[in-house]
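Have the viewer open while you read.

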Amino acid sequence: MPSPLFAVLVRGPSMVPTLRPGDALLVRRGGRAVRPGDMVVATFRTRPDLLVVKRVVRACGSGWWLQGDNEFVADDSRAYGVADVHGRVLLRYWPRPRPFGYQRVRPAS
């Protein structure tokens with residue numbers, strides 16, 4: 001049985017200003033249910049080889065609609081559609097520890 005906690009390293013600018021390339025995150029599988037505003041690690045159904053860190057916008061059928069915090073980068077559900085969540089980001093442990101919780105999101109129009 002895999003550990004409920006795992007680490008990921010951020011690559012790319014899609015979550016700037018919240019996260020930057022090189023930030024290291026601690027992620028939890030399971031736990032409380034995912035809800036809009038959570039930052040998660042997921043894969044898009046159309047790109048199962050691509051592991052991403054994005055923010056949950058809403059439930060979409062049996063999956064989730066995800067968007068990055070950087071409005072100028074659209075490598076999220078706007079490009080790839082529905083995603084499956086693998087875990088919720090708990091905190092950034094490098095370079096500056098910081099917990100992440102629920103954050104209000106505004107869906108793009």
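## Salt bridges and a serine

Aspartate 76 is buried, at 0% relative accessibility; buried here means under 20% relative accessible area, exposed means over 50%, and partly exposed is in between (1.4 Å probe, protein chains only). Before going on, some bookkeeping: this is a predicted model, where local features need pLDDT of at least 70 and side-chain atom pairs count only at pLDDT 80 or more, while totals for chains, interfaces and linings use all residues. Residues are numbered from 1 along each chain as its sequence is written, and side-chain values use heavy atoms, with hydrogens and water left out.

So what does aspartate 76 pair with? Its salt-bridge partner is arginine 78, with the closest N and O atoms 2.6 Å apart. Arginine 78 is partly exposed, with 37% relative accessible area. A salt bridge is a side-chain nitrogen of Lys or Arg within 4 Å of a carboxyl oxygen of Asp or Glu, and by that rule the count is seven salt bridges. As background, side chains of opposite charge can pair when their charged atoms come close.

Here are some of the pairs, with N to O distances:

| Arginine | Aspartate | Distance |
|---|---|---|
| arginine 45 | aspartate 84 | 2.8 Å |
| arginine 55 | aspartate 69 | 2.8 Å |
| arginine 78 | aspartate 76 | 2.6 Å |

Take the arginine 45–aspartate 84 salt bridge. It links distant parts of the chain, 39 residues apart: arginine 45 sits in the loop between strand E3 (39-44) and strand E4 (47-60), and aspartate 84 is in strand E6 (residues 83-94). Helices (H or I, at least four residues) and strands (E, at least two) are DSSP runs, numbered from the N terminus. Both ends are partly exposed, arginine 45 at 40% and aspartate 84 at 30%.

Then there's arginine 55 with aspartate 69. Arginine 55 lies in strand E4 and aspartate 69 in the loop between strand E5 (63-67) and helix H1 (77-80), so this pair ties together parts 14 residues apart in sequence. Arginine 55 is buried, at 3% relative accessible area, whereas aspartate 69 is partly exposed at 24%.

Now the serine. Serine 77 is in helix H1 and is buried, with a relative accessible area of 2%. Its side chain reaches the backbone oxygen of glycine 81 at 2.8 Å. Leaving out residues up to four places away in sequence, serine 77 touches Phe44, Trp64, Trp65 and Leu66, where contact means heavy atoms within 4.5 Å.

Technical notes
A polar contact is a pair of N or O atoms within 3.5 Å; within protein, one must be able to donate a hydrogen and the other to accept it, and residues adjacent in sequence count only if both atoms are side-chain atoms.
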